[in-house]
Amino acid sequence: MKRLLGVVIFFACMIAIWEALVRAGVWSPVLVPSPFSVVRYIGQALADGTLERATLVTIRRLLIGYGLGLLVGLPLGLLTARFKVMSDTLGVIALGFQTLPSVCWVPLALLWFGQTESAMLFVVTMGTLWSVLIATDNGVRTVPPIYVRAAHTMGSRGLHTWCRVIVPASLPFIISGMKQGWAFAWRSLMAAEIYVTILTGFGLGHLLHYGRELQAMDQVAGIMLVIIVIGLLADKILFSPWERFLHRRWGTEKA
Amino acid sequence: MAEEIPKLVVESVTKRFRTRKGEIHALDSVSLTVREGEFICLVGPSGCGKTTLLNLIAGLDLPDGGQILANGKSVTGPGSDRMVMFQEPALFPWLDAFDNVMFGLKLKPHLSNKERREVATYYLELVGLDRFMYASIHELSGGMKQRVALARCLAPNPRVLLMDEPFAALDALTREQLYGDLQRIWQQRKRTIVFVTHNVREAACLGDRVVLFSPNPGRVQEQFTVELPRPRDINSVDLAQHATKITRALKRHLHPDLEEVAE
């Protein structure tokens, strides 16, 4: 309760200072909107349904692209960890592409797919895929060999060893790779939505973009706030349960 | 009476390892026979090939020469008739104690799930961990971890138990307790046990027979039969006498020249 109170007071102070600065007229209202105008914008956008629709479009893109990235990245990571020839070839490509900021896929995606949904998905998938692949590969390589030996003596072989021993043993790496992949995917999707006008759906990035075009700072700040909140929620909903499980089982919880 | 087929036969087994520094002759035509239900201890200084031999019997590694028979059949790979208990517990951290024991049982297709759960519960109770069945591995102490590992090895009902210095990393008190537990469990459910250790006292306490290894290359030097009533107390005088005898032999094989000076 005390903790919650502290948090509430902190944020209340932040907003109060923000409001005070705006009222004092330090900056032009065109550049810094008051917190109330931001809230008003979010309220309006919610009321006329723009915000819900845009959020839905964005999240749908994100989830599909991210899902595809996982679906391809995880097995490929297992392959590169298992086969020398895969790590010598695909592993090198993955390492290279992982260092490439995923926004850099946008021009290529546009040329390949045009102004379509596929271009968006492609960018998100590319943002996810490589870091998941590398984290999986890394995780598998750090599995203590004794686990595999123990499993073999108990009669586990081949696919069973992979599914029941190697993959669970590398979970801490895989989860942190998935988290990194998510962050990359989220960033690249926003970049793509800001750069690319797409006729198939109007995402949060587009709202942000039009906010700038219309010099509607309350809209820009409001959408940014929504994007932050979605990021936080995703972290809580998608990764927290996994991380709690890992901490509980592996005993890595902070005292 | 018909001739009993020995549980394990090691026939002039040779094993070499290639390392950067050159070839290591880990085992040099080692032969050994283990009877059904026998508790045999392999003793020797580090690097004498005793762990290598255990891995060969387990099928985790293959010999360069000679052969190993388990139950009359040649060993070509690991099998759940020969369970291994390692020096580290090697428990899976993503599973709790109960599911760790269940791991090997789930690989036994002829058991029903209910039977598996009963067996796992039985063995966790046997090693005295009934209160910690659903504990995460990291919550257990070193001794408790090795108890879970023991339960995990025993649960699939292997004919042969291969133990590689399983108590080496534990404190003296816990170790003594486990000596007692292991003897009790072994007496209740007679299994063939091959136990590797560098601790002569431990070997004399646990083994029906103690096999002395010497290094460079690894060879069987001498065998001792320990005929003391069980359960044996590691601190008893009779046991100390046996241990002294074995230690003396060990020193004689290690430093043949020193012996003359001493005597």
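Read along its sequence, chain A follows the pattern α-α-α-α-α-α-α-α-α-α-α, which comes to 11 helices and zero strands. The model is predicted, so please read the values below as computed from that prediction. The C-alpha trace of chain A spans about 75 × 55 × 30 Å along its principal axes.

**Helix α2 against helix α11 in chain A**

- Helix α2 (residues 35-47) and helix α11 (residues 217-250) of chain A pack at an angle of about 75°, and their axes are 8 Å apart.
- Angles from 65 to 115 degrees count as roughly perpendicular, and α2(A) and α11(A) are therefore roughly perpendicular to each other.
- On the α2(A) side, the contact is made by A:S37, A:V38, A:Y41 and A:I42.
- On the α11(A) side, the partners are A:D218, A:Q219, A:A221, A:G222, A:I223 and A:L225.
- By class, the residues of this contact between α2(A) and α11(A) divide into six nonpolar, three polar and one charged.

**Helix α3 against helix α10 in chain A**

- Helix α3 (residues 50-82) of chain A packs with helix α10 (residues 204-213) of chain A at an angle of about 130°, with 7 Å between their axes.
- That angle makes α3(A) oblique to α10(A).
- From α3(A), the residues in contact are A:T50, A:L51, A:A54, A:T55, A:T58 and A:R61.
- From α10(A), A:L204, A:H206 and A:L207 complete the contact.
- The contact of α3(A) with α10(A) holds four nonpolar, four polar and one charged residue.

**Helix α8 against helix α9 in chain A**

- Helix α8 (residues 158-169) and helix α9 (residues 171-195) of chain A pack at an angle of about 60°, and their axes lie 5 Å apart.
- α8(A) and α9(A) are therefore oblique to each other.
- Here A:V167, A:P168 and A:A169 of α8(A) meet A:L171, A:P172 and A:I174 of α9(A).
- The contact of α8(A) with α9(A) has six nonpolar residues, with no polar and no charged ones.

**Where chain B meets chain A**

- The area buried between chain B and chain A is about 2100 Å², and carbon and sulfur atoms give 67% of that area.
- Chain B puts 23 residues into the contact, and chain A puts in 22 residues.
- The rule finds one salt bridge across the interface of chain B and chain A.
- Between chain B and chain A, the count of residue pairs in polar contact is seven, with both residues at pLDDT 80 or more.
- On the side of chain B that touches chain A, the elements giving two or more residues are β6 (82-85) and α2 (97-106) of chain B.
- The largest share of that side of chain B comes from β6(B), with three residues.
- By class, the side of chain B that touches chain A has 13 nonpolar, six polar and four charged residues.

**Backbone details in chain B**

- As background for these points, most residues other than glycine have a negative phi, and most peptide bonds are trans.
- B:N216 and B:P217 are joined by a cis peptide bond, with omega at about -10°.
- B:P217 sits in the loop between β9 (209-214) and β10 (219-225) of chain B.
- Another cis peptide bond runs from B:R230 to B:P231, with omega near 0°.
- B:P231 belongs to the loop between β10 and α7 (237-254) of chain B.
- B:E165, a residue other than glycine, has a positive phi, near 40°.
- The loop that holds B:E165 lies between β7 (160-164) and α5 (172-188) of chain B.

Definitions and conventions
Residues are numbered from 1 along each chain as its sequence is written. Chains are lettered from A and ligands numbered from 1 in the order in which they are written. This is a predicted model: local features need pLDDT of at least 70, side-chain atom pairs count only at pLDDT 80 or more; totals for chains, interfaces and linings use all residues. Side-chain values use heavy atoms; hydrogens and water are left out. Axes are lines fitted to C-alpha atoms, for helices over the stretch in contact, and angles run from 0 to 180 degrees between N-to-C directions. Helices (H or I, at least four residues) and strands (E, at least two) are DSSP runs, numbered from the N terminus. Angles under 35 degrees count as roughly parallel, over 145 as roughly antiparallel, 65 to 115 as roughly perpendicular and the rest as oblique. Contact means heavy atoms within 4.5 Å. Ala, Val, Leu, Ile, Met, Phe, Trp, Tyr, Cys and Pro count as nonpolar, Asp, Glu, Lys and Arg as charged, and the others, Gly among them, as polar. Buried area is the accessible area (1.4 Å probe) that two parts lose on being put together, summed over both. A salt bridge is a side-chain nitrogen of Lys or Arg within 4 Å of a carboxyl oxygen of Asp or Glu. A polar contact is a pair of N or O atoms within 3.5 Å; within protein, one must be able to donate a hydrogen and the other to accept it, and residues adjacent in sequence count only if both atoms are side-chain atoms.
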